[in-house]
Amino acid sequence: MKKIPKWFIGEFFGTFLLVFFGCGSVCAAVLTGAQVGVFQVAIVWGLGIATAIYLTGALSGAHLNPAVTVSMAAWSDFPRRRVAPYVAAQLLGAFAAAAALYFIFSDALVVFEKANHLVRGQPGSEASAMVFGEFFPSPGGHPLTDEARARMSPLAAFGAEVIGTAILLLVIFCATDARNAARPQILTAATIGLTITLLISLLGPLTMACFNPARDLAPRVFSSLAGWGAIPFQVNGIGWLMVYILAPLLGGLLGGAIYTAWFKPGYQVVE
């Protein structure tokens with residue numbers, strides 16, 4: 001039997017943990033009311049990501065996000081031939097985490113849907129599907145109304161995800177650059193996790209704060225297979241692709257470009 005590469009182990013289990021802790025916090029908040037307010041969900045996301053990075057960084061570099069992998073291939077010496085295998089491992093890990101969460105919270109999902117008169121796979125069931133894939137604006141456990149949709153246009157949602165992911169990648173590049181004398185070193189994972197916490201606190205109510213195509217696409221596909229059918233791909237129209245897949249990839253490239261153009265040269269200068 002061929003040995004599984006350590007980078008695959010790192011990306012699979014790291015992304016599994018990221019989604020398990022992050023989407024798990026959304027499951028607990030929406031289905032049980034365990035978390036009150038966006039910050040409680042955001043801090044669980046941040047701590048979960050930091051934990052995943054600490055566990056898997058030595059195995060794969062802890063990308064755990066196609067936007068990170070693509071940006072690393074574009075702006076660093078990460079081998080481009082590894083992009084597709086890394087993304088595949090990330091998607092598999094995220095899908096496995098969604099399946100695990102469904103197993104754990106399936107009874108709570110049924111109770112929540114009955115209490116809120118939701119029929120899985122029918123209009124309005126994005127109120128429960130949101131524990132897996134993402135929607136804009138955040139349903140907050142309720143069906144999206146025309147009034148709610150007015151809070152976040154598709155263009156604004158696209159821009160929010162581009163900017164948020166660009167900031168995330170800028171932090172990742174700067175925090176991991178050995179020439180940056182002010183880098184957090186052993187607190188690098190915590191710094192990245194806290195950045196996610198900040199971004200979710202600001203953008204979570206609007207786009208649910210994705211910044212990671214694997215985190216969205218794999219759970220979204222799982223939810224479609226688990227009874228929500230076409231709903232996860234219909235509620236925002238083509239927005240699921242533009243806002244949660246393409247925008248993070250573009251934002252990651254933008255963040256890497258900003259680092260390469262303005263931050264990296266400064267770190268090379270010796271005062």
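Trainee: Which residues does Ala127 touch, not counting residues up to four places away in sequence?

Mentor: Before the answer, note that this is a predicted model. Ala127 touches Val30, Phe112, Leu118, Pro139, Gly141, His142 and Pro143.

Trainee: Where is Ala127 found?

Mentor: Ala127 sits in helix H5, residues 126-129.

Trainee: Is Ala127 buried or exposed?

Mentor: Buried, because the relative accessible area of Ala127 is 0%.

Trainee: Pro139 was on that contact list. How far is its C-alpha from that of Ala127?

Mentor: The two C-alpha atoms are separated by 5.8 Å, with Ala127 and Pro139 12 residues apart along the chain.

Trainee: What joins Phe136 and Pro137?

Mentor: A cis peptide bond, with omega about -10°. Pro137 is in the loop between H5 and helix H6 (146-149).

Trainee: Why point that out?

Mentor: Because most peptide bonds are trans.

Trainee: New topic. How many residues does H2 have, and what does it reach from end to end?

Mentor: H2 covers residues 38-60, which is 23 residues. From its first C-alpha to its last it reaches 31 Å, close to the 33 Å expected at 1.5 Å a residue.

Trainee: Where is the kink in H2 centred?

Mentor: On Tyr54, and the kink is about 40°.

Trainee: Which residues of H2 are buried?

Mentor: Val41, Ala42, Trp45, Gly46, Gly48, Ile49, Ala50, Ala52, Ile53, Thr56 and Ser60.

Trainee: And what do those buried residues pack against?

Mentor: Four helices: H1 (6-32), H4 (83-115), H8 (188-207) and H9 (213-228).

Trainee: Take H8. At what angle do H2 and H8 pack?

Mentor: At about 150°, with their axes 8 Å apart. H2 is therefore roughly antiparallel to H8. Their crossing is right-handed.

Trainee: Which residues meet there?

Mentor: From H2, the residues include Phe39, Trp45, Ile49 and Tyr54, and from H8 they include Ile192, Leu194, Thr197 and Pro205. Tyr54, where the H2 kink is centred, is one of the residues that meet H8.

Trainee: What comes just after H2?

Mentor: Gly61, which takes a positive phi of about 90°. Ala62 also has a positive phi, about 55°, although Ala62 is not a glycine.

Trainee: Where is the place of Ala62, then?

Mentor: In the loop between H2 and helix H3 (66-75). Ala62 counts as buried because its relative accessibility is 9%.

Trainee: Let's move to H9 and H11. How do their axes cross?

Mentor: The axes of H9 and H11 (residues 239-268) come within 9 Å and cross at roughly 150°. That is why H9 is roughly antiparallel to H11. The crossing is left-handed. H9 makes the contact with Pro213, Asp216, Leu217 and Arg220, while H11 uses Trp240, Tyr244, Ile245, Pro248 and Leu249.

Trainee: At what angle do H7 and H11 pack?

Mentor: At about 40°, with the axes of H7 (residues 154-176) and H11 6 Å apart. So H7 is oblique to H11, and that crossing is right-handed.

Trainee: Is Leu241 buried or partly exposed?

Mentor: Partly exposed, because its relative accessibility is 27%. Leu241 is in H11. Leu241 and Phe158 are 83 residues apart in sequence and 10.0 Å apart in space, C-alpha to C-alpha.

Trainee: One last residue. What is Tyr86 in contact with, leaving aside its neighbours within four places in sequence?

Mentor: Trp7, Glu11, Ser60, His63, Thr69 and Phe78. Ser60 is also one of the buried residues of H2.

Trainee: And where is the place of Tyr86?

Mentor: In helix H4. Tyr86 is buried, with a relative accessible area of 3%. Its C-alpha is 9.6 Å from that of Gly10, although Tyr86 and Gly10 are 76 residues apart in sequence.

How values were computed:
Residues are numbered from 1 along each chain as its sequence is written. This is a predicted model: local features need pLDDT of at least 70, side-chain atom pairs count only at pLDDT 80 or more; totals for chains, interfaces and linings use all residues. Side-chain values use heavy atoms; hydrogens and water are left out. Helices (H or I, at least four residues) and strands (E, at least two) are DSSP runs, numbered from the N terminus. The expected span of a helix is 1.5 Å times one less than its number of residues. The bend at a residue is the angle between axes fitted to the seven residues ending there and the seven starting there. Buried means under 20% relative accessible area, exposed over 50%, partly exposed in between (1.4 Å probe, protein chains only). Contact means heavy atoms within 4.5 Å. Axes are lines fitted to C-alpha atoms, for helices over the stretch in contact, and angles run from 0 to 180 degrees between N-to-C directions. Angles under 35 degrees count as roughly parallel, over 145 as roughly antiparallel, 65 to 115 as roughly perpendicular and the rest as oblique. A crossing is left-handed if the near helix is turned anticlockwise from the far one by less than a right angle, and right-handed if clockwise.
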